[in-house]
Amino acid sequence: MRYFGVEEANRLIPLLTRTFERVRPWVARVQAIVRELESLQDSGAGPERTAPVRAERDALFERIRAELEQFQDLGVEIKAADGLVDFHSLKSGRPVYLCWRYGESAVTHWHELDGGFAGRQLIVHPNDFSPSYLS
C-alpha cells in the first residue's frame, strides 16, 4: 500500500482537477438518466423504450470508470465520482486519510480511516504526514 505525504498528494491535484472537469458532466448525465429510467418504469414503459437509455447509462459508467481507474492504480481512493478523493497517509506513524474534493486548490484536510468526509480536520502541520511504501 502506498502512503502519501501532503506535498506528494498535492502534486496530483492538477491532474485530478482536469480529470474531474471531464468526468463531472458525465456523472450529472448519469444522474439524469437514472431519474429518466425511474420515470419510464413508473409509466410502464417497456424494454424497447428503456433499453437505449440503459445503454447510454452503461456507456457513461464505463467512461467514468476508465477515467478514474488510473488513480486507483496510483493508490488514490476515489470516494465519489463527482470529485471526492482520499489518499492513504501516515500521521505520526498511524494510518489516516488525506482528503481532497473537487474545487479545492490543495489538500488541506485529513480524517481518520473511519471518520469520512464529516470527520475532516484541517492540516495544521503538513510534516506530520509522511509518505511511505509498503510491499
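**Charged pairs and paired strands**

Modeller: Arg22 and Glu67 form a salt bridge, with the closest N and O atoms 2.7 Å apart; the term requires a side-chain nitrogen of Lys or Arg within 4 Å of a carboxyl oxygen of Asp or Glu. Arg22 belongs to helix α2 (residues 13-42) and Glu67 to helix α3 (residues 47-74), so this pair ties together parts that are 45 residues apart in sequence. Helices (H or I, at least four residues) and strands (E, at least two) are DSSP runs, numbered from the N terminus. Arg22 has a relative accessibility of 39% and counts as partly exposed; buried means under 20% relative accessible area, exposed over 50%, and partly exposed in between (1.4 Å probe, protein chains only).

The model is predicted: local features need pLDDT of at least 70, side-chain atom pairs count only at pLDDT 80 or more, and totals for chains, interfaces and linings use all residues. Residues are numbered from 1 along each chain as its sequence is written, and side-chain values use heavy atoms, with hydrogens and water left out.

By the salt-bridge rule the count is 13. One of them joins Arg2 to Glu8, with 2.6 Å between the closest N and O atoms. Arg2 is partly exposed at 23% relative accessibility, whereas Glu8 is buried at 12%.

Another salt bridge links Arg120 and Glu104 at 2.7 Å, N to O. Arg120 sits in the loop between β5 (109-111) and β6 (121-122), and Glu104 in the loop between β4 (94-101) and β5, so the pair ties together parts 16 residues apart in sequence. Both Arg120 and Glu104 are buried. Elsewhere, salt bridges with shared partners join Arg29, Glu36 and Glu56 into one network.

Now the strands. Two strands pair if DSSP finds at least two bridges between them. Strands β2 (residues 76-80) and β3 (residues 84-91) are antiparallel and pair over four bridges. Ala80 has Leu84 of β3 as its bridge partner. The hairpin of β2 and β3 has three residues between the strands, and Gly83 there takes a positive phi near 125°.

β3 also runs antiparallel to β4, with eight bridges between them. Here His88 stands opposite Tyr97 of β4. The β3 and β4 hairpin has two residues between its strands, and Ser92 in the turn has a positive phi of about 50°. From β4, three bridges lead on to β5, again in the antiparallel sense. Leu98 has Trp110 of β5 as its bridge partner.
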